[in-house]
Amino acid sequence: MHRTGELYGHFQTLDQQKETATLGMWVFLVTEILFFGGLFLAYTINRHAFPTSFGIAGNMLDLSLGFGNTVVLIASSFTMAMSVYCAQTSQKKWIPVWLIATLALGTVFLGIKFVEYKQKFDHHLIPGYHFDITYCSNNPAACGLSGQELADEQKEVREAIDAERDYAKQQSFSDPGETGIAAVNAHAQLYFSLYFGMTGLHALHMVIGAGLLLWLISQSLRGRFDANYNTPVENIGLYWHFVDIVWIFLFPLLYLINRHLA
Amino acid sequence: MLVANHSEHIVSWKLYLVVLTALLIGTVGTVQAAKIDLGPWNIVLALGIAVTKMTLVILFFMHGKYSPRRIKLVIVCGFFWLAIMLSLTVADYSTRHQEPSRSQLQELACTRSLNV
């Protein structure tokens, strides 16, 4: 394809070229909104159907790790915005600095996510044969639970079992698999399937974003971006901010909305 | 060398800092609000804060406020389509009869076999 500097032959100006690319990026992000939207919808419907079991499962997430990750990701959106600012103002030396900061924060996010996943694995909260919502209340030492925390968790588990039993009675279920602890475990597994599905897809987007950042860093170190041409910085920035927005919704929905019951 | 005519708006780093501060305050706020029992309003407040944070990110970090109108149209369309998906599916689920459970099906099967 014919190209003059950064300008491709089928565009008249760099501005026109950038606007076209940005419009295309936004159209892609709209498909991503709907992509994640489907998962949020599945979460909403199932949470509405099994509020107590979803509540107890959600309260088993580590709030401080979730909060820390939210702060890290918001900070990385800021550093990304700063790299776009430095590109727009032709501060070429600062572009890779802010990009590296963004990549570092993104890596910290994924590291914390790994710690969380490992913790869920140790606590028998991975959906499947070994899933057991009562594992931590029965083995408090293995989960580092004691005192008030342990009492709270045991109380929550009991309440969830009662709620499922009442529901089964009201619906006149007779199968033991549909009531009590079996029902809590079934519905808590539904919650954790959605938790791993949604945060896993989000983490996959972060990994792809980290790859894109590596490429941006190498290009910016060669001095490719300035006030005239910075389309890749701007558009990868849009992608990064979008991934941040997804987390802005995942955090309250997965970690927070049942905390007041704990 | 071709030079762009710089019609784009450059958001100042000071504004980015203000947005960052607002987002962090929102994050702390949503955690604190979640610990208070507000009944059904907990979820409303949590989503309200999340929507506010998202709006700040789109308007300033993503330059939505300074974008040409066709890009604004694409952004609005995206949320409009999301609203269609959410509202019609929720409307369906909230008005549909629940599927029979395992035990209800078994009961049904028993009644039928007795009748035969």
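In this predicted model, the largest nonpolar core has 81 residues. Those with the most contacts inside this core are Ala57(A), Ala81(A), Tyr191(A), Val246(A), Leu250(A) and Tyr16(B). Helix α9(A) supplies the largest share of the core, 18 residues. In soluble globular proteins, nonpolar side chains tend to be buried together.

One of these core residues, Tyr16(B), belongs to chain B.

Chain B has four helices and zero strands. From the N terminus on, its order of elements is α-α-α-α. Of the 116 residues in chain B, 18% are buried.

The interface between the chains joins 47 residues of chain A to 47 residues of chain B. On the chain A side, the elements giving two or more residues are α1 (14-49), α3 (63-88) and α9 (231-256). Helix α1(A) provides the largest share of that side, 13 residues. By class, the chain A side comprises 26 nonpolar, 15 polar and six charged residues.

Helices α1(A) and α9(A) also meet each other. Two packed helices are described by the angle between their axes and the distance between the axes. The axes of α1(A) and α9(A) come within 10 Å and cross at roughly 15°. The two helices are therefore roughly parallel, since angles under 35 degrees count as such. Their crossing is right-handed. From α1(A), the contact is made by Lys18(A), Ala21(A), Thr22(A), Met25(A), Leu29(A), Glu32(A), Phe36(A), Phe40(A) and Tyr43(A). From α9(A), the contributing residues are Thr231(A), Glu234(A), Asn235(A), Leu238(A), Phe242(A), Val246(A), Phe249(A) and Leu253(A). The residues of the contact divide into eleven nonpolar, three polar and three charged.

Helix α2(A) spans residues 51-58. Seven of its eight residues are buried, so α2(A) is largely enclosed by the rest of the structure. The buried residues are Thr52(A), Ser53(A), Phe54(A), Gly55(A), Ile56(A), Ala57(A) and Gly58(A). They pack against α1, α7 (147-170), α8 (180-221) and α9 of chain A.

How values were computed
Residues numbered from 1 in each chain as written. Chains lettered and ligands numbered in written order. Predicted model: local features only at pLDDT ≥ 70, side-chain atom pairs only at ≥ 80, totals over all residues. Buried ≥ 20, exposed ≤ 12 C-beta atoms within 10 Å, placed from the backbone. Contact = placed C-beta atoms within 7 Å. Nonpolar A, V, L, I, M, F, W, Y, C, P; charged D, E, K, R; others polar. Core = buried A, V, L, I, M, F, W, Y, C linked by C-beta atoms within 7 Å. Axes fitted to C-alpha atoms, helices over the stretch in contact; angles between N-to-C directions. Parallel < 35°, antiparallel > 145°, perpendicular 65-115°, else oblique. Left-handed = near helix turned anticlockwise from the far one by under 90°.
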